[in-house]
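User: Could you walk me through a few features of this model, one at a time? I am new to it.

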Amino acid sequence: MVQLGRIVEQCVSGFEAYSRDAIVRNLEVFEPNWRWTAPQEEGGDYSFKIDRQSVESVAIVSAEHSSRLEAVVKRDAPRVSIVFLLAGGLEMHNRRTRKILRVAPNQVASVNELAGSRVSIQSRSSWLLLRISTTGLREHFEELTGAPYVQEFALPPTNFRQGDAQGFYQTLRQAEKDLKLARPAERMMLAKAYKQLILAKLFAKLPHNLAYAFGRAALKEAPRQLLKAEAFMRDNLRNAVMLEDLANAAGCSPRALQRMFRIYRGDTPMGILCNYRLAAAHGAIRGGQAESITDLAMSLQFSNPGRFSVLYKSAYGLSPSSNLRFARGYQDEIGT
């Protein structure tokens with residue numbers, strides 16, 4: 001039988017359970033944004049063990065279990081999970097795109113928490129998971145590259161037992177071990193150092209959809225004037241901005257600024273500003289802060305809502321109205 005008192009005490013950092021009810025009950029506390037079920041298993045073997053180490057806005061989670069698990073995402077969550085599957089199998093049904101992600105043993109892939117999506121994890125599975133907030137991912141990407149984070153991070157199933165992906169996996173395992181053994185006095189400094197290392201390796205070592213943008217920006221140190229212009233952009237997303245305004249903020253001529261952006265960003269200053277605004281719109285929609293797509297577009301200086309929708313869909317794969325509908329929807333259906 002499960003020792004319930006021990007389970008409750010460990011729910012924040014991990015737990016062990018040995019019955020269907022205990023597994024589901026504690027997973028609902030451990031991962032409350034998922035509605036969990038543990039289907040009936042022949043032989044009644046229901047062992048489950050999970051552990052979590054927090055690294056500031058990043059978490060490293062490891063688990064192993066004998067029974068199959070199924071779950072439905074309750075609501076959109078602004079975070080990304082990088083899943084390393086050690087044994088078993090994982091299948092994720094994305095309700096919005098109607099695509100199915102299948103992860104096999106020795107593969108790593110990213111998973112986004114979108115309302116209504118379903119995950120099924122086979123029995124006899126074990127996995128390691130790196131969870132990162134979307135905000136933290138975006139901020140670190142922009143801090144490292146100086147480039148806007150427009151597309152959501154996506155990592156297709158990749159073998160992590162070889163090459164750079166193997167090194168990244170080993171770094172996570174070492175971080176997990178060191179944090180577990182660290183004394184309270186040293187844990188904070190260690191966590192901060194590992195967070196920087198993990199995020200830098202994530203962008204530099206895994207074959208994700210932002211690899212080209214990361215490599216292009218990271219190879220060259222951007223001029224001070226360009227960085228000033230980008231800081232001005234971020235501070236004035238909802239204000240009318242002309243090329244001359246950016247040049248004045250940067251302290252150079254418009255022509256010189258255009259040349260710098262072409263060399264270091266592969267785009268025009270106004271193109272980069274557009275990307276920042278699209279990213280802000282996406283954050284507002286996903287965060288439930290948008291009441292109207294037209295009002296949101298106008299507030300971010302997109303005078304043509306139709307053009308805004310085309311640009312947004314090109315960047316994020318769905319129209320802004322569809323994303324807004326999904327952000328609001330499914331809550332009655334899944335009981336939230």
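User: Leaving aside neighbours within four places in sequence, which residues is Thr158 in contact with?

Analyst: Contact means heavy atoms within 4.5 Å. By that rule, Thr158 is in contact with Asn106, Gln107, Val108 and Pro207. Thr158 and Ala109 are 49 residues apart in sequence, yet their C-alpha atoms are 6.5 Å apart in space. This is a predicted model, where local features need pLDDT of at least 70, side-chain atom pairs count only at pLDDT 80 or more, and totals for chains, interfaces and linings use all residues. Residues are numbered from 1 along each chain as its sequence is written, and side-chain values use heavy atoms, with hydrogens and water left out.

User: Is Thr158 buried or exposed?

Analyst: Buried means under 20% relative accessible area, exposed over 50%, and partly exposed in between (1.4 Å probe, protein chains only). Thr158 has 16%, so Thr158 is buried.

User: Which residues of helix α8 are buried?

Analyst: First, the general idea: an α-helix has 3.6 residues a turn, so residues three or four places apart point the same way. Helices are DSSP runs (H or I, at least four residues), numbered from the N terminus. In α8, residues 243-250, the buried ones are Leu243, Leu246, Ala247 and Ala250. Down the axis of α8 they fall within an arc of 100°, so they line one face of the helix; the arc is that of the directions from the helix axis to the C-beta atoms.

User: What covers the buried residues of α8?

Analyst: The cover includes α7 (224-235), α9 (254-264) and α10 (269-286). Just after α8, Gly251 has a positive phi of about 80°.

Technical notes. Helices (H or I, at least four residues) and strands (E, at least two) are DSSP runs, numbered from the N terminus.
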